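Let's take a friendly walk through this fold, from its core to its rings and its sheets. Keep the structure open beside the text.

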Amino acid sequence: MPHAVLERIDTLAPEVVALQRALVAIPALGPDNDGQGETAKAELLVRTLRDMGIADIKRLDAPDARVPGGLRPNILARIPGRDASRTLWIISHVDIVPPGNPELWASDPYELKVDGDFLVGRGVEDNHGGIVPSLLLAKALLDTGTTPPITLGLLLVADEETGSAYGLGHVVREHAELFGPRDLFLVPDFGVADSSLMEVAEKSMLWLKVEVFGRQCHASTPEQGVNTLVAAADFILRTRRLHDEFPATDPLFTPPHSTFSPTRKDANVPNVNTIPGHDVFYVDCRVLPGYPVADVREAFGRIAAEIEAEHGVRVACEPVQAEQAAPATPVDSEIVRRLTPAIEAVYGVTPAPAGIGGGTVAAILRRAGREAVVWSTCEHFAHQPNERSRISTQLGDAKVMARVLFA
């Protein structure tokens with residue numbers, strides 16, 4: 001490991017602030033979030049990469065007529081290694097989520113606030129906390145004239161916050177030739193504050209809308225109606241048995257079992273003295289990868305049939321989102337073996353491979369047969385008011401990336 005690279009990263013705290021300030025000032029909201037896309041921020045990043053001295057920069061844009069210019073930008077930048085047949089890909093996303101209620105922010109979400117080691121602003125963690133360390137690593141390599149043992153590849157992609165169809169999904173689908181069979185993939189978009197979590201697996205996801213149809217009537221004559229709230233409540237209670245129908249556990253995940261959580265309940269009638277004839281609620285299911293999502297949907301169908309028979313209602317179960325989990329990255333894969341000692345050396349903790357209930361773009365890579373790990377040091381303020389990250393951990397994460405590259 002060339003210590004000149006690590007030493008150079010240690011001097012780059014002003015670069016962290018400058019990069020974050022420039023990135024925060026450009027709202028990169030996709031059209032599904034009522035934005036104009038990521039082009040302005042992508043152009044800033046391309047200029048930054050060129051100014052660093054990177055020669056190999058490409059745009060892998062996805063057509064999208066909903067944004068000005070009709071394109072969603074995806075940026076590829078490479079610094080050649082001695083072994084050009086292999087690349088360490090560090091994949092971050094350019095888009096952000098809206099700031100939400102401005103009254104909940106202590107400062108302008110699009111103006112970086114520096115508070116000691118903390119940076120505050122929309123995007124400073126999600127996902128500038130991945131972009132900035134990867135740029136620091138690139139700058140340290142170029143500033144010290146260091147050629148890495150394998151190529152460093154940066155992918156800065158669009159559309160992560162709203163599905164990735166125009167981002168990494170487009171890149172993997174349309175530009176698969178970029179990736180070699182022995183390439184390594186690191187996605188710095190999830191982690192914990194002590195740096196110890198390496199995400200290698202995700203649960204399947206099923207969001208189900210359950211709609212119950214009955215007959216509305218006056219509450220003084222309930223026998224003239226069919227009460228959908230009672231039927232919906234019975235349905236919700238019966239979802240608890242799904243834990244018995246899908247009982248497997250996997251210690252890689254926390255919690256180690258599948259979850260079936262009733263969440264949102266829409267309003268039915270506005271007044272107390274009316275029996276409702278229409279109710280809608282939702283269930284969020286995070287299912288261990290070994291179970292097909294189709295089996296879970298069938299189980300909900302059986303509950304719906306029971307509710308119809310016992311309450312005289314009609315029930316419709318409609319998936320809002322359904323995604324079968326991608327294959328897990330093996331815990332003994334090369335990227336895990338490289339990342340583990342790198343984290344130990346920089347942060348003094350022994351990291352553990354783990355599965356999560358949420359979803360990341362790593363699933364796109366895993367479905368394409370790529371062994372990807374999701375890791376970064378996160379304060380877990382993503383999507384929140386007063387989103388924040390640390391200058392010190394962005395420097396630390398850059399040094400972890402460097403050690404992975406040179407392992």
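## Ground rules

Here, contact means heavy atoms within 4.5 Å. The model is predicted, so to speak of local features a pLDDT of at least 70 is needed, side-chain atom pairs count only at pLDDT 80 or more, and totals for chains, interfaces and linings use all residues. Residues are numbered from 1 along each chain as its sequence is written, and side-chain values use heavy atoms, with hydrogens and water left out.

## The nonpolar cores

Leaving aside neighbours within four places in sequence, Leu-339 is in contact with Leu-186, Met-198, Val-373, Trp-375, Val-400 and Val-404. Leu-339 is also among the residues with the most contacts inside the largest nonpolar core, which has 88 residues. Buried means under 20% relative accessible area, exposed over 50%, and partly exposed in between (1.4 Å probe, protein chains only).

Helix α11 (residues 391–406) gives the most to this core, with 9 residues. Helices (H or I, at least four residues) and strands (E, at least two) are DSSP runs, numbered from the N terminus. A second, separate core holds 19 residues, including Ile-91, Leu-155, Val-172 and Phe-185.

## Rings and charges

There are 7 aromatic pairs in the structure. Rings of Phe, Tyr and Trp (its six-membered ring) pair if their centres lie within 6.5 Å; planes under 30 degrees apart count as stacked, over 60 as edge-to-face and the rest as tilted. Phe-246 and Phe-260 make a tilted pair, 5.9 Å centre to centre with 40° between the planes. Phe-246 lies in the loop between α7 (242–245) and β13 (259–265) and Phe-260 in strand β13, so the pair ties together parts 14 residues apart in sequence. Phe-246 is buried at 6% relative accessible area, and Phe-260 is buried at 5%.

Phe-246 also pairs with Tyr-291: the centres are 5.1 Å apart and the planes at 85°, so this pair is edge-to-face. Tyr-291 sits in the loop between β15 (278–287) and α8 (293–311), 45 residues from Phe-246. Elsewhere, ring pairs link Trp-89, Phe-179 and Phe-185 into a cluster.

Which ring does the charged end of Arg-314 sit over? The ring is that of Phe-213, with the charge 4.1 Å from its centre. For this, NZ of Lys or CZ of Arg must be within 6 Å of the ring centre and within 35 degrees of the ring normal.

## The strands

An open sheet of 4 strands runs in the order β13-β15-β11-β16, with antiparallel pairing. Two strands pair if DSSP finds at least two bridges between them. β13 and β16 (314–323) stand at the edges with a single partner strand each, so one side of each lacks a neighbour in the sheet. Strand β11 (residues 204–213) is joined to β16 by 9 bridges, and Phe-213 stands opposite Arg-314 in β16.

Strand β9 (residues 184–187) has both faces covered: Leu-184 and Leu-186 on one side and Phe-185 and Val-187 on the other are all buried. Strand β5 (residues 83–93) runs parallel to β9, joined by 3 bridges, with Trp-89 opposite Phe-185. β9 also pairs in the parallel sense with strand β18 (residues 372–374) over 3 bridges, where Leu-186 stands opposite Val-373.

Conventions. A nonpolar core is a set of buried Ala, Val, Leu, Ile, Met, Phe, Trp, Tyr and Cys residues joined through side-chain atoms within 4.5 Å.
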